[in-house]
Amino acid sequence: MTAVADRYAALVEAGELRPDADQERAVAVLHRLAERLAASTAKGSIVWRLAGRKEPPPPGAYLWGGVGRGKSMLMDLAFETIDHHPKRRVHFHEFMLEVHERLRAERVKEAGDPIPPVAKALAAEAKLLCFDEMVINNSADAMILSRLFSQLLEAGVTVITTSNRPPRDLYLGGLNRELFLPFIELVERELAVVPLNGPTDYRLERLGGLPTWHVPNGPETSRALSEAFFRLTDYPVEDRAKVPTEELQVPGGRVLHVPKSLKGVAVFSFRRLCGEPRGAPDYLTIARHFHTVIVVGIPKLGPENRNEAARFVTLIDALYEHKVKLLAAADAEPEALYVAGDGAFEFERTASRLIEMQSAEYMALGHGED
Ligand SMILES: Nc1ncnc2c1ncn2[C@@H]1O[C@H](COP(=O)(O)OP(=O)(O)O)[C@@H](O)[C@H]1O
Ligand SMILES: [Mg+2]
């Protein structure tokens, strides 16, 4: 098992990663964390336990910074290299949905406070928990996080998380924020808080200044978008036939098939997304789950496409609200996409959003931020 720092150094050496001072500091923290975990496991298993002494749980890490700074990349590197089982990597939003589901199931039992049994079960399932994209924007999450996390840490779970914000800015301006402050204190006390805020947005750099809205559909556009997908996901182009698919659970029980899903990037065809009876719950699920969405095959829409146009408006609203980055292949520029038909007037707002979504300012926003 190669250690975090060695893996990182090898990637820099191989030219796959550019040297980055913030990342090096973060790698050093993750490396020490891995070493402490290895040491505590060894001690815990023999001498320490015999002596009846419990090692304090190694602290976790909180990596925060702007888009494209390598937060997810470093967390994945740590997750892959740290030999501490069972371990789990999960998107923070998905995790919280699951937590609420489990809390509901506990409440049905009417056996008192539902948090301890849920924390206990989670701790039994993963001793290393990695969360990507921690963002708190609803009071239901805010109210339980402090207790849930203190019980997870108490149970010896190591937490590594990424976020666009420093802990003190989480849930800023949120309802009853004072009840959330203990969570911030917990994070600052128990986790190593590491900023990843170097000058380079590597995601943007990987897009290489390519346009994000490609016109028209065709082989050249397909090639450009496929190239963007592989660059964004670091996926070996030789393996392109094996890109994973995903079945996304939509609230209400529906399932949405994602033809290509990798590292928070999804590829959809316009037909699949807007040509079938889908609505806001589907699009919100996509917007929360992926930081970047590629939509191919957007046709020029006419009066006979009013349903598709209406769904497309809902889709773009969801993506825009969640600051999802959009790459698209279309037969017209946004302002010429839907000019005649029901809702064409309202579509102007969507066109203007689509234009804004191509701007450098928008591309630099963090996913899911308010
Ligand atoms: N030092 C680096 N040099 C080159 N590319 C990098 C470097 N760090 C990260 N990347 C790449 O930049 C892209 C964005 O990184 P990611 O970890 O997704 O950023 P974040 O999670 O901070 O938004 C990924 O493709 C990643 O592999
Ligand atoms: Mg990320």
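Me: Why is Asp342 called exposed?

Reply: Exposed means over 50% relative accessible area, buried means under 20%, and partly exposed lies in between (1.4 Å probe, protein chains only). Asp342 has 51% relative accessibility, so Asp342 counts as exposed. The model is predicted: local features need pLDDT of at least 70, side-chain atom pairs count only at pLDDT 80 or more, and totals for chains, interfaces and linings use all residues. Residues are numbered from 1 along each chain as its sequence is written, chains are lettered from A and ligands numbered from 1 in the order in which they are written, and side-chain values use heavy atoms, with hydrogens and water left out.

Me: What makes Arg306 and Asp342 a salt bridge?

Reply: A salt bridge needs a side-chain nitrogen of Lys or Arg within 4 Å of a carboxyl oxygen of Asp or Glu. For Arg306 and Asp342, the N to O distance is 3.1 Å.

Me: Is Asp282 buried or exposed, and how do you know?

Reply: Asp282 has 0% relative accessibility. Buried means under 20%, so Asp282 counts as buried. Asp282 forms a salt bridge with Arg254, with the closest N and O atoms 2.5 Å apart. Asp282 is in helix α12 (residues 280-289) and Arg254 in strand β8 (residues 254-258), 28 residues apart. Arg254 is partly exposed, at 37%.

Me: How many salt bridges does the structure hold?

Reply: The structure holds 21 salt bridges.

Me: What makes β6 and β9 edge strands?

Reply: Two strands pair if DSSP finds at least two bridges between them. β6 (213-214) and β9 (260-262) each have a single partner strand, so one side of each is left without a neighbour in the sheet. The sheet is open, with five strands in the order β6-β12-β11-β10-β9 and mixed pairing.

Me: How do you know that β10 and β11 pair?

Reply: Strands β10 (residues 265-269) and β11 (residues 292-298) share five bridges, in the parallel sense. At least two are needed, so they pair. Val265 has Thr292 in β11 as its bridge partner.

Note on methods. Helix = DSSP H or I, 4+ residues; strand = E, 2+ residues; numbered from the N terminus.
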